[in-house]
Amino acid sequence: METVGIGLLGLGTVGSAVARRLMEQWELLAERAGATPALRCVAVRDVSRSRGFDLKNVRLVGDPQAVVSDPAVSIVVEAMGGIDPATGLIEASLRAGKTVVTANKAVIAASGPRLSALAAEHHAHLYFEASVSAGLPIVALLQGSLLGDRITALDGVINGTTNVILTQMRTPGVSYADALADAQRRGFAEADPSLDVDGWDAVSKLVILSRLAFGVNVTSDAVDRRGIRDVAVADVGALAQLGYRVRLLAHAERAASGAIHLRVRPTAVGPGHLLHAIDDADNAVIISSDLAGTVMLSGVGAGGGSTASAVVSDVVTAVRERAAPMTQPAPLTTPTLLGDEDLEVAGYVRLRLSAEADARALVLQALEDRGLAVDAAVDLTGLELAVFTGVGPRAVHDRALETLDTLTSVDEILGDLDRVEA
Ligand code: NAP
Ligand code: HSE
């Protein structure tokens, strides 16, 4: 059987799970691919460090360019992360006519359309299934199964690290720092975990999904982003008592006008919502479309095993399709972004009332006066009040919060989140 040489950039959480699979299951993969994907060369930063498994006859190098230039390598798997030097190495591989498989959402979000065009120009292929939610086959779904649909919205939990943190914060006594350390230990977090907790990782993934779903040329700047650093344990706990879960929710929608809106924000998810039960490192993406209706994918969305599933699947596909002509990527349009006056959201606010007489009633009246319905108000401990504000334009919500901040009936606004219901 013919052999196809594989080069691997990175041997961390993802790279080592990929290497092991390629070496341990090569016969199964060869059967499925119609040729044997053989790992030939691997680049790491520190060649002297033991990796805990035998790399057999694989060449280990400290210079990633040596993998790209290795004549025995036809497919380059990029699992090193970061923008530089990863982008340049992917470009060099494609220019050399080598197919690339990458798990790097930062690179694909920043340069995906340009790299796909470069691949086509050099008769190579670019695969990036693992860049969004690891083993969930969401890229394949959007590139294949739903091509006859018009997608109207995407909703998802697409970052495992923040979901681990927000899940663990429901347990009394577990701090944000403890939970983040656990996500790092389990291999879910980015090398720089601020990319996870500040929402950048989810933003990159949402950009990639939105291009595929809506055919729009968007970049990270188009996403309304808020991370989870300022989510208080008290809000996670109070909402849990009321049956809600806090998730870093990614949302994309296309209005009838064609304008789109993209956001990544910590959100209170109501009981019965499909994303309510997505705990720990699980991810889920809900696709709303005109023909299929609601389609949901869920499963483990981070970590070596799940990510290797997507990467190795792309490698098998790449081997199978190595002789197939490269199709030009579909053209992308430049969208208009939906403004805050047109964007409908519901909210949650936790505040401490002042000792002023009728403070509670005055606060609720002030919200109504600012055009914001109150779906429910729940007294918490002491003078704390949780208010569930009804669906209304984002701009009205923001103005109402500014107003609350000026009221003598309000001592302090303690937390606020978006909210979604089933
Ligand atoms: P990681 O554990 O930090 O591993 C990175 C690997 O790349 C290490 O082996 C490192 O070498 C090597 N490396 C980094 N810079 C290098 C350089 N300049 N030259 C040579 N080698 C270099 O990262 P990871 O978690 O596997 O993530 C890798 C990529 O997969 C990232 O793009 C990430 O976003 C993506 N991803 C990760 C997950 C996940 O759950 N972890 C899931 C989906 C996608 P040393 O070992 O010598 O330091
Ligand atoms: N850091 C990412 C996460 C890895 O936590 O979801 C998977 O893309």
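Seven bridges join strand β1 (residues 3-9) to strand β2, and the two run parallel. Strands here are DSSP runs of E with at least two residues, helices are runs of H or I with at least four, and both are numbered from the N terminus. Two strands pair if DSSP finds at least two bridges between them. This is a predicted model, where local features need pLDDT of at least 70, side-chain atom pairs count only at pLDDT 80 or more, and totals for chains, interfaces and linings use all residues. Residues are numbered from 1 along each chain as its sequence is written, chains are lettered from A and ligands numbered from 1 in the order in which they are written, and side-chain values use heavy atoms, leaving out hydrogens and water.

Stay with β2. Opposite Pro37 in β2 stands Val4. β2 also pairs with strand β3 (residues 59-61), again in the parallel sense, over three bridges. There, Ala43 has Val61 in β3 as its bridge partner. Seven of the eight residues of β2 (residues 36-43) are buried, so the strand is largely enclosed by the rest of the structure. Buried means under 20% relative accessible area, exposed means over 50%, and partly exposed lies in between (1.4 Å probe, protein chains only).

Now turn to helix α10. This helix has 15 residues. From first C-alpha to last it reaches 20 Å, close to the 21 Å expected at 1.5 Å a residue. The expected span is 1.5 Å times one less than the number of residues. Of the 15 residues of α10, 13 are buried, so the rest of the structure largely encloses the helix. Gly215 follows α10, with a positive phi near 65°.

One residue of α10 is Asp201. Asp201 is buried, with a relative accessible area of 3%. Its side chain makes a polar contact with the side chain of Asn159 (2.8 Å). A polar contact is a pair of N or O atoms within 3.5 Å; within protein, one must be able to donate a hydrogen and the other to accept it, and residues adjacent in sequence count only if both atoms are side-chain atoms.

Asp201 and Asn159 are also among the residues that surround ligand 2, along with Phe188, Asp196 and Lys205. Such residues have a heavy atom within 4 Å of the ligand. A backbone N or O atom of Phe188 lies 2.7 Å from a nitrogen atom of ligand 2. A polar side-chain atom of Lys205 is 2.8 Å from a ligand oxygen atom.
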